[in-house]
Amino acid sequence: MNSSTSTPNGEHGSSGGTVSEGLASLEFIGTATCLLRLGPFTVLTDPNFLHRGQLAYLGKGLASRRLTEPAMQPSELPSLDAIVLSHLHGDHFDRIARRELQRTPPVYTTAPAARRLERWGFDAHALDTWDTRLLTRGSWTLRLTATPGQHAPGPATHLLPRVMGSVLELHENEALRLRVYVTGDTLYRPTLAAVTERCGPIDSMIIHLGGTRILGLLVTMDARQGAQMVRTVRPHVIVPVHFDDYTVFRSPREDFAGLFERAELPGELRLVERGQRISLMP
């Protein structure tokens, strides 16, 4: 597929037409918070509903102030089939989510996060790397696989929570219809090639960027690492999230979009603004 970049209103430079949501779509709420509608399933990722100016608490006495307003609050969410949580940081699961989210949808996350969420009354399910869970509805199945993540370099790893990515595979009558990779808050590592080796080719990748720096350390992918991730995974569609919502984010989405075009990276870059909904179909 040739590289192309979508404009914020959902039109593509390659065709000039509007993207049809089709079988699968992403509605961007802010940070890494997205509503994924995959066939009959609705999945919420990394619920962060803090308002502009509020502090997200990151542990170890660290905090970051929100610079943007989320497009939605918990009371406005549709019925959810599941929540997928990369890790338990205040910019991924905040005090508003803790107070206002319904307790019934299963939350799939890391073991440390699951233990705390259970104490808060959520239906939390701990996943180790490559663990899978299935959701079914009639002839449809959604298969969730936990993928590796590394939130800090080298010895600093123990300072930040364990993280995971996830691959969501939509099947109809046992036939694969779509495979979506949500990277989670990970740094790029060549070992992430295992995601496609184990799960298969990726149709759409939701990539957490931002170049987050804490105490001077890079802890999420910046534009350069994002480009390396695209070259390694080679998805058909790339949707950047997690790029400008907090003061700790240092690498804006524009840097990634510019590098994507200059480096002629594979796939199609689709940009989505808060409150907008785009297709995840190739």
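The model described here is predicted.

**Overall form**

The protein chain contains five helices and 19 strands. Along the principal axes, its C-alpha atoms fill a box of roughly 45 × 45 × 35 Å. The radius of gyration of the protein chain is 17 Å, which agrees with the value near 19 Å that a compact globule of 282 residues would have. Of these 282 residues, 57% count as buried. Contacts between residues at least 6 apart in sequence can be sorted by separation: 63% of them join residues at least 24 apart.

**Charges**

The protein chain carries 30 positive and 29 negative charges.

**Cysteines**

A disulfide is a covalent bond between the sulfur atoms of two cysteines. The structure holds zero of them. Cys34 is in no disulfide, and the nearest cysteine sulfur to its own, that of Cys199, is 19 Å away. Seen from Cys199, the closest cysteine sulfur is that of Cys34; a bond is ruled out because 19 Å is too far. The table gives the accessibility of these two residues.

| Residue | Relative accessibility | Class |
|---|---|---|
| Cys34 | 1% | buried |
| Cys199 | 11% | buried |

Why does Cys199 count as buried? Its relative accessibility is 11%, and buried means under 20%. Cys34, at 1% relative accessibility, counts as buried too.

Note on methods: Residues numbered from 1 in each chain as written. Predicted model: local features only at pLDDT ≥ 70, side-chain atom pairs only at ≥ 80, totals over all residues. Heavy atoms only, no water. Disulfide = S-S within 2.5 Å. Buried < 20%, exposed > 50% of the residue type's maximum accessible area, 1.4 Å probe, protein only. Helix = DSSP H or I, 4+ residues; strand = E, 2+ residues; numbered from the N terminus. Rg over C-alpha atoms; globule rule 2.2 N^0.38 Å. Contact = heavy atoms within 4.5 Å. Lys, Arg positive; Asp, Glu negative; His and termini not counted. Charge placed at Lys NZ, Arg CZ, Asp CG, Glu CD.
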